[in-house]
Amino acid sequence: MGRRPGERVLGALDARVEEVARECNSQEVANTLWAYATMGRRPGERVLGALDASLLAAGVEKFSFKERSQLHQFFLSCSLAEGSVRSSANSLLQAREAFESECRAAFLAAAADVSPSKSQLQVSQALRDRLGLFVEDEYRCTRSGYSIDMLVSDAPPSAASAGAPGGRQCWAVEFDGPDHFLACGSPTGATLLKHRLLQQMGYALAVVPYWEWKQVCGDEVSETEYLRGKLGSAFVEESTSSSCSHRVLVDESGVAPASSTAARTLEDTDDVEPGCSEPEAVQAREEVGKECSVCHETKLESSFSRKQ
């Protein structure tokens, strides 16, 4: 109901999962692993071993397409998190290698018929008309298989390699309608999981809840201010997990690598004069950070003012 369980509760759940895992059917195994991914919690080695035994014993053919989609999200979550699945028990690595292609195919098939809602198309058009940005509706993330509601950028897709090295400045904009929320108003598990995975892959995420858009829709000034604020705050949110977020890049293949912004910062620090003392180098790096915070504000303002 929108509240994360405490560590004592999670520890008790881990113990119970380990106890019953080998008796679980395919649906129960898939649901359990997906729940761990949704909570952003990596199961302990003994829990993984117990669940893995059920995975390998059943075989991928015993899992429905929906269950395979859940497993794909779990494997993706593990691969993006610190201490990924490849540092877990060898048996889980074997299960991932045996299941991964089939699970990804099921996930892609489930998302094949996604189409934007009327309200989502309104947001998309406003980003074009009000802010002068470029929008790709229902953009398929090649790394994860997720369909991003709107991939928004300050340059057309064909110019991905023509501007700054590495690609173009981008935002992943998600329009979340009523189906994305529980009765209590909290986002669903699937919504929270998608948001977190997109951010872990390096996207600057801007979320537009349906009720917020309803309040500003139809008023040009209100729409402009609202969307400008959403895109601006997306950089602030992403900067909490990376050293510099003023340039979120998508390479020519359409992938936003999680390390792109960090790599940009490391390149910037190479401007430190050779032979300077360590304190001077530290100060130079701090100045780079300050410049970045100014740079992203200036960059955003430049993009937004195109059609003002």
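Visitor: Why is Asp219 called partly exposed?

Guide: This is a predicted model, and its values are computed. Asp219 has a relative accessible area of 36%. Buried means under 20% and exposed means over 50%. The value falls in between, so Asp219 is partly exposed.

Visitor: What makes the pair Arg41 and Asp14 a salt bridge?

Guide: Their closest N and O atoms are 2.7 Å apart. The cut-off is within 4 Å, for a side-chain nitrogen of Lys or Arg and a carboxyl oxygen of Asp or Glu. The pair therefore counts as a salt bridge. This pair links distant parts of the chain. Arg41 is in the loop between H2 and H3, while Asp14 is in helix H1 (residues 7-20), 27 residues apart.

Visitor: How do you know whether Arg41 is buried or exposed?

Guide: Arg41 has 17% relative accessibility. Buried means under 20%, so Arg41 counts as buried.

Visitor: What makes Arg130 and Glu223 a salt bridge?

Guide: The closest N and O atoms of Arg130 and Glu223 are 3.1 Å apart. That is within 4 Å, so the pair qualifies. Arg130 lies in helix H6 (residues 118-131) and Glu223 in helix H9, so the pair ties together parts that are 93 residues apart in sequence.

Visitor: Are Arg130 and Glu223 buried or partly exposed?

Guide: Glu223 has 5% relative accessibility, which is under 20%, so Glu223 is buried. Arg130 has 22%, so Arg130 counts as partly exposed.

Visitor: Why is the link between Glu174 and Lys194 called a polar contact?

Guide: The side chains of Glu174 and Lys194 meet at 2.9 Å. Glu174 is in strand S3 (residues 168-176). At 1% relative accessibility, Glu174 counts as buried.

Visitor: Why does Glu138 count as buried?

Guide: Glu138 has 16% relative accessibility. The cut-off is under 20%, so Glu138 is buried.

Terms used: Residues numbered from 1 in each chain as written. Predicted model: local features only at pLDDT ≥ 70, side-chain atom pairs only at ≥ 80, totals over all residues. Heavy atoms only, no water. Buried < 20%, exposed > 50% of the residue type's maximum accessible area, 1.4 Å probe, protein only. Helix = DSSP H or I, 4+ residues; strand = E, 2+ residues; numbered from the N terminus. Polar contact = N/O pair within 3.5 Å; in protein donor to acceptor, adjacent residues only side chain to side chain.
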